[in-house]
Amino acid sequence: MSILEAIVLGLVQGLTEFLPISSSGHLILIPWLANWDEPGLAFDAALHLGTLAAVFVYFWRELVAMLFAIPTALSRPRAVLTAKPEPLPDGPRPVSGGSSPNREHDARLALLLILGSIPGGIVGLLGQGKIEDFFHDETHRPFSIVVIAVLLIAFGLMLWLADRAATHRRRIDALTTRDALFIGAAQALALMPGVSRSGSTLTAGLFRGLHRADAARFSFLLGTPLVTLAGLKGLKDILDAHPTGSEVTTLIVGVLVSAITGFAAIWVLLRFLQRSNTAVFVLYRLAAGLFFLGLIAAGVR
């Protein structure tokens, strides 16, 4: 893989991991369209370390607060989850101690993220290998491209429907265990390239009545555990293959590019969703899906 390919794929990963348009799908579609060699599952997974770094940098306050709140969460999980949370003001806030509303909120959010990660973890253990074998097998590449294109269209329409049906009134501090499991189940669907992890969880959050920006924020935080595991596994697989110096350089470039563009994508999307709907992403998904279906139908590749 060349440095240019690593930069392009890093850009693709950084942008599409957080925009609701499917990073895993684009990491298959772009090399296929450009007639590049398959970058490999390990490289794709390692790129997640870049977008994971973007999440850590952007949400460091929330993540540190949840880390400090773990003792509270573990000491009385049932009480934390069933208590009616006090609404918290918008904007950055200091990490607090004791039994303040902030600490109770952080403990509750940490438990909800754990619960929401369970469906994706189970589906990943049971079916991720078979899904990856199908979508990364060159013997039936045209059919897998068709599947990705259809999923782009189908889940784009689902996002459109959710945005139209949503009340956009609930905030992240009002999430319940039922919300977390529902959104977590949607995240599990994103193992299929073309679905989009951020897109499916954003869609599920909107169906639960969340404000767009709050649905996106919970989506980004919810992805942290599974993205961490995927990135570390990819890095381990690459290191086990004893890469050359140039291969390590290529990987580092891809990860750095994905981190920078990922941070920018988070910043832009959260601000965009505070004042706009998701129509632009729906239109992109429909256009991209139809474009790749057209290429397959025309026998271009």
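Q: Which helix does Ile 7 lie in?
A: Ile 7 belongs to helix α1, residues 3-16. Helices here are DSSP runs of H or I with at least four residues, strands are E runs of at least two, and both are numbered from the N terminus. Before we go on: this is a predicted model, where local features need pLDDT of at least 70, side-chain atom pairs count only at pLDDT 80 or more, and totals for chains, interfaces and linings use all residues. Residues are numbered from 1 along each chain as its sequence is written, and side-chain values use heavy atoms, with hydrogens and water left out.

Q: OK. Is Ile 7 buried or partly exposed?
A: Partly exposed, at a relative accessible area of 31%. The cut-offs are under 20% for buried and over 50% for exposed, with partly exposed in between, using a 1.4 Å probe and protein chains only.

Q: What is Ile 7 in contact with, leaving aside neighbours within four places in sequence?
A: Val 253 and Val 257, where contact means heavy atoms within 4.5 Å.

Q: Zooming out, how many helices and strands does the protein chain have?
A: 13 helices and 0 strands.

Q: And how does the radius of gyration compare with the globule rule?
A: The radius of gyration is 19 Å, close to the 19 Å that the rule gives for 301 residues, so the chain is as compact as a globular protein of that length. That radius is taken over C-alpha atoms, and the rule is 2.2 Å times the number of residues to the power 0.38. Along its principal axes, the C-alpha trace spans about 60 × 45 × 35 Å.

Q: What share of the residues is buried?
A: Buried residues make up 49% of the 301. As for contacts between residues at least 6 apart in sequence, 82% join residues at least 24 apart.

Q: Which residues have the most contacts inside the largest nonpolar core?
A: Phe 59, Phe 218, Phe 220 and Ile 266, in a core of 45 residues. The largest share of this core, 7 residues, comes from helix α11, residues 212-240. Apart from it lies another core, of 16 residues, with Ile 145, Val 147, Ile 148 and Ala 149 among them. A nonpolar core here is a set of buried Ala, Val, Leu, Ile, Met, Phe, Trp, Tyr and Cys residues joined through side-chain atoms within 4.5 Å.

Q: What does Phe 218 touch, not counting residues up to four places away in sequence?
A: Leu 109, Leu 112, Leu 113, Ile 172, Leu 175, Ala 180 and Ile 183.

Q: Where is Leu 222, and is it buried or exposed?
A: Leu 222 sits in helix α11. It's buried, with a relative accessible area of 0%. Beyond four places in sequence, Leu 222 touches Leu 113, Gly 116, Ser 117, Ile 183, Gly 184, Gln 187, Arg 197 and Thr 201.

Q: Switching to Phe 182, which helix is that one in?
A: Phe 182 is found in helix α9. At 38% relative accessibility, Phe 182 counts as partly exposed. Leaving aside neighbours within four places in sequence, Phe 182 is in contact with Ala 204, Phe 207 and Arg 208.

Q: Backbone check: what's phi at Ser 22?
A: Positive, about 85 degrees, although Ser 22 is not a glycine. Ser 22 lies in the loop between α1 and α2, the latter being 23-34, and is buried at 0% relative accessible area.

Q: And what about phi of Ser 196?
A: Phi of Ser 196 is near 85 degrees, again a positive value in a residue other than glycine. Ser 196 lies in the loop between α9 (177-189) and α10 (197-207), and is buried, with a relative accessible area of 2%.

Q: Last one: how many positive and negative side chains are there?
A: 24 positive and 21 negative, and the centres of the two sets lie 12 Å apart. Lys and Arg count as positive and Asp and Glu as negative, while His and the chain ends are not counted. Each charge is placed at NZ of Lys, CZ of Arg, CG of Asp or CD of Glu.
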